[in-house]
Amino acid sequence: MVKAVPIIDDTSVGLFPIRTVAQLTGVNAITLRAWENRYGIIKPLRKASGHRLYTQDHIDRVHRIVALLDTGMRISDVSAYLEQEAGRIETGGKDGSVDHWRRLLDRMLAAIMRFDEESLESVYNEALSSYPIKEVTRRLVTPLLVEIGRRWSTGEGTVAEEHFFGFYLRNKLGARFHHRSRNARGPRLLMACLPGERHEIGLLLLALATNEAGYRPVILGADMPLEDLAQAAERTGSAAIVLSGLLELPPHLLKKELPALVDAAEMPVFMGGRASVRSLDAVRRCGIEPLGADVDTGLAKLEQRVPLEA
């Protein structure tokens with residue numbers, strides 16, 4: 001018996017049409033439909049009109065599929081792999097133990113709920129002792145940030161938990177950035193959080209990724225007034241401005257301040273984070289290139305517009 005696809009109304013929020021998903025992930029609409037109809041690995045929601053709508057979870061799944069394909073896995077094998085992966089997380093492996101990454105995540109989450117920095121540090125260092133920092137970020141830190149955000153939005157968690165982990169991780173990423181490689185010779189990128197935006201974690205993760213790729217990021221941090229950015233970019237010799245935001249963009253930014261920045265900057269302006277996903281079309285109308293919320297995809301889009309020097 002085929003399970004019915006949920007039908008939703010046009011007022012649902014946090015949902016994206018297929019063209020938006022294609023723009024954010026780099027996977028065209030024809031391929032997305034094939035992944036749904038032929039392989040069943042993406043199952044979007046449907047409007048009464050029949051049009052597909054995707055959640056952020058769908059977008060994250062597309063990014064995961066692309067990552068698996070990049071390893072050489074065949075698309076026909078992806079569905080079974082993802083099912084096995086989900087089974088390992090939910091019910092444990094052959095020996096009855098839970099998935100290693102899920103266990104680490106649960107231990108870190110428990111430490112956050114107790115505001116126990118010593119235990120949090122112990123688990124984080126345990127992961128770093130066994131895996132490269134990039135894999136720890138992708139498989140542990142990023143899912144943990146998503147889980148904390150989910151807990152906060154549903155009322156399961158508290159603002160105090162989010163602030164506790166945010167302060168901890170900001171210090172960790174700041175230390176990494178301080179000790180980053182100084183050998184990069186690529187273009188400079190001026191990077192800042194949007195006005196009113198105090199969530200710096202996404203900005204720091206993207207900055208570290210750009211530095212590892214060969215760029216030279218100049219970070220201005222949280223809650224940055226837009227009117228100062230064009231001059232700062234010129235003074236630093238930056239090739240582009242990269243903004244970051246998690247919160248919904250207010251109308252005055254979209255109608256006035258962001259277009260004014262694009263006019264004054266005379267260089268490409270990008271925006272990453274959940275804010276660029278929620279307001280993708282409006283951000284594009286400002287003349288800004290959305291990078292989405294996935295660090296690797298955002299970096300690839302940057303490299304297309306601002307190539308690294310040979």
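Predicted model: local features only at pLDDT ≥ 70, side-chain atom pairs only at ≥ 80, totals over all residues.
Is C286 buried or exposed? At 7% relative accessibility, C286 is buried, since the cut-off for that class is under 20% relative accessible area. C193 is also in the buried class, with a relative accessible area of 0%. A disulfide is a covalent bond between the sulfur atoms of two cysteines. The structure holds zero disulfides.

The chain as a whole comes next. It has 310 residues, and buried residues make up 43% of them. Its secondary structure consists of 14 helices and nine strands. Among contacts with a separation of 6 or more, 68% are made by residues 24 or more positions apart.

Strand 7 has pairing partners in strand 5 and in strand 8. With strand 5 it runs parallel, and six bridges join the two. With strand 8, residues 269–272, it is also parallel, and the joining bridges number four. S244 can be followed through both pairings. In one direction, S244 of strand 7 stands opposite C193, the cysteine whose relative accessible area is 0%. In the other, S244 has G272 of strand 8 as its bridge partner. In a regular strand the side chains alternate between the two faces of the sheet.

Most residues other than glycine have a negative phi, and most peptide bonds are trans. E266 is not a glycine, yet its phi is positive, near 55 degrees. E266 lies between helix 11 (251–265) and strand 8, in the loop. With 75% relative accessibility, E266 is exposed, because the cut-off for that class is over 50%.

D223 is a second case of positive phi. Its value is about 50 degrees, and D223 is not a glycine either. This residue is found in the loop between strand 6 and helix 10. D223 has 32% relative accessibility and is therefore partly exposed.

D223 also takes part in a salt bridge. Its side chain meets that of R198, with an N to O distance of 3.5 Å. The pair links distant parts of the chain, 25 residues apart: D223 lies between strand 6 (216–221) and helix 10 (229–236), and R198 in the loop between strand 5 (188–193) and helix 9 (201–213). The two partners fall into separate accessibility classes: R198 is exposed, with a relative accessible area of 60%, whereas D223 is partly exposed.

Side chains of opposite charge can pair when their charged atoms come close. The count of salt bridges in this model comes to 12. One of them joins E126 and R107, with N and O 3.0 Å apart. This pair also links distant parts of the chain, since E126 belongs to helix 6 (residues 117–130) and R107 to helix 5 (residues 100–114), 19 residues apart. Both residues are partly exposed, E126 at 31% relative accessibility and R107 with a relative accessible area of 33%.

Another salt bridge lies within a single helix. E135 pairs with R139, and their closest N and O atoms are 3.4 Å apart. Both residues belong to helix 7 (residues 133–154), and because they are four residues apart, about one helical turn separates them. E135 is partly exposed at 22% relative accessibility, and R139 is partly exposed at 26%. Salt bridges also form a network that links E36, R46 and R52.

Technical notes
Residues numbered from 1 in each chain as written. Heavy atoms only, no water. Disulfide = S-S within 2.5 Å. Buried < 20%, exposed > 50% of the residue type's maximum accessible area, 1.4 Å probe, protein only. Contact = heavy atoms within 4.5 Å. Salt bridge = Lys/Arg side-chain N within 4 Å of Asp/Glu carboxyl O. Pairing = 2+ DSSP bridges.
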